[in-house]
Amino acid sequence: MRKRIFVVEDDAALQELYTYTLENEFDCFCFGNGISFFDALGAQNPDLVLLDIMLPGDDGFAILSRLKTENTTAHIPVIMISAKGEEISKVKGLNWGADDYIAKPFGVLELVARIKANLRKNGNATEGIAYKDIAIDLSKHQISVNGNYIQTTLKEFNLLCLLCKKAEKVQEREDIFLKVWGDSFMGETRTLDIHIRELRKKLGDSASEAEIKTIRGVGYMLI
């Protein structure tokens, strides 16, 4: 089955380029702003989103934030695309949950390769993970604790997935950054501590039996 790609780009010429580049291998649908994009999500979700930053109305960061905080769309891989060459834009996009980032101008072969790589990565997920009273449905991108669903950001979701998969084993900080944020992460090292604190609060609020333990000087472990 052909994968469905949604492109959020307001430049008509670039929309035509995306369609021409992708139509041989994917079903490509272009949207000029966040409103038309989210309207289309109600009918059927895409397998991947190409998201420009500079858009009329809500910019790409606002759209990304909404995508990654809603359980029904948080699992969809997003590649940010922008003419902005500043490193801060790339870091901001990745920190907010983008799966990849391409700066304009880009080569069409690179674009297709990045799309395929992110689709493969997203397709490697198994259906579910469980530990004690935590149940993670990967296909629906949902986490339940004691039978109640909890809201998480994409990074919190991926972090808890990793800790559950490796439950009762120490995960070193460097390994966590690599597996959750990727080798391109260039943000503050305290980012991990902040995400751990938020997960602890959400697990605690749900009266979970599981606990994220700090292994001082090494990393974290779910017990």
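This is a predicted model: local features need pLDDT of at least 70, side-chain atom pairs count only at pLDDT 80 or more; totals for chains, interfaces and linings use all residues.
The chain averages a pLDDT of 88, and 92% of the residues score at least 70. Among the elements of the chain, the lowest mean pLDDT, 77, belongs to helix α4 (residues 87-95), whereas the highest, 97, belongs to strand β11 (residues 212-215).

**The sheet of three strands**

Strand β11 is part of an open sheet whose three strands follow the order β10-β12-β11, with antiparallel pairing. Because β10 (171-172) and β11 stand at the edges, each with a single partner strand, one side of each has no neighbour in the sheet. The antiparallel pairing of β10 with strand β12 (residues 219-222) rests on two bridges, and Y220 in β12 is the bridge partner of Q171. Helix α8 packs on this sheet, where it touches β11 and β12, and its direction makes about 150° with that of β11. Helix α6, in turn, lies across β10, β11 and β12 and runs at about 70° to β12.

**The sheet of four strands**

A further open sheet has four strands in the order β6-β7-β8-β9, again with antiparallel pairing. Its edge strands are β6 (128-131) and β9 (148-150), each of which pairs on one side only. With direction ignored, neighbouring strands of this sheet are turned by 25° against each other on average. Strand β8 (residues 142-145) and β9 run antiparallel and are joined by three bridges; within this region, V145 has N148 of β9 as its bridge partner. Helix α6 also lies across β6, β7 (134-137) and β8, running at about 120° to β7.

| Helix | Reference strand | Angle |
|---|---|---|
| α6 | β12 | about 70° |
| α8 | β11 | about 150° |
| α6 | β7 | about 120° |

**The second largest pocket**

By class, the lining holds six polar, four charged and three nonpolar residues.

**Two backbone features**

Most residues other than glycine have a negative phi, and most peptide bonds are trans. The peptide bond that joins K104 and P105 is cis, with omega of about -5°, and P105 lies in the loop between β5 (100-103) and α5 (108-123). K132, although not a glycine, has a positive phi of about 50°; this residue is placed in the loop between β6 and β7, and those two strands are neighbours in the order of the four-stranded sheet.

Conventions:
Residues are numbered from 1 along each chain as its sequence is written. Side-chain values use heavy atoms; hydrogens and water are left out. pLDDT is the predictor's confidence in each residue, from 0 to 100. Ala, Val, Leu, Ile, Met, Phe, Trp, Tyr, Cys and Pro count as nonpolar, Asp, Glu, Lys and Arg as charged, and the others, Gly among them, as polar. Two strands pair if DSSP finds at least two bridges between them. Contact means heavy atoms within 4.5 Å. Axes are lines fitted to C-alpha atoms, for helices over the stretch in contact, and angles run from 0 to 180 degrees between N-to-C directions.
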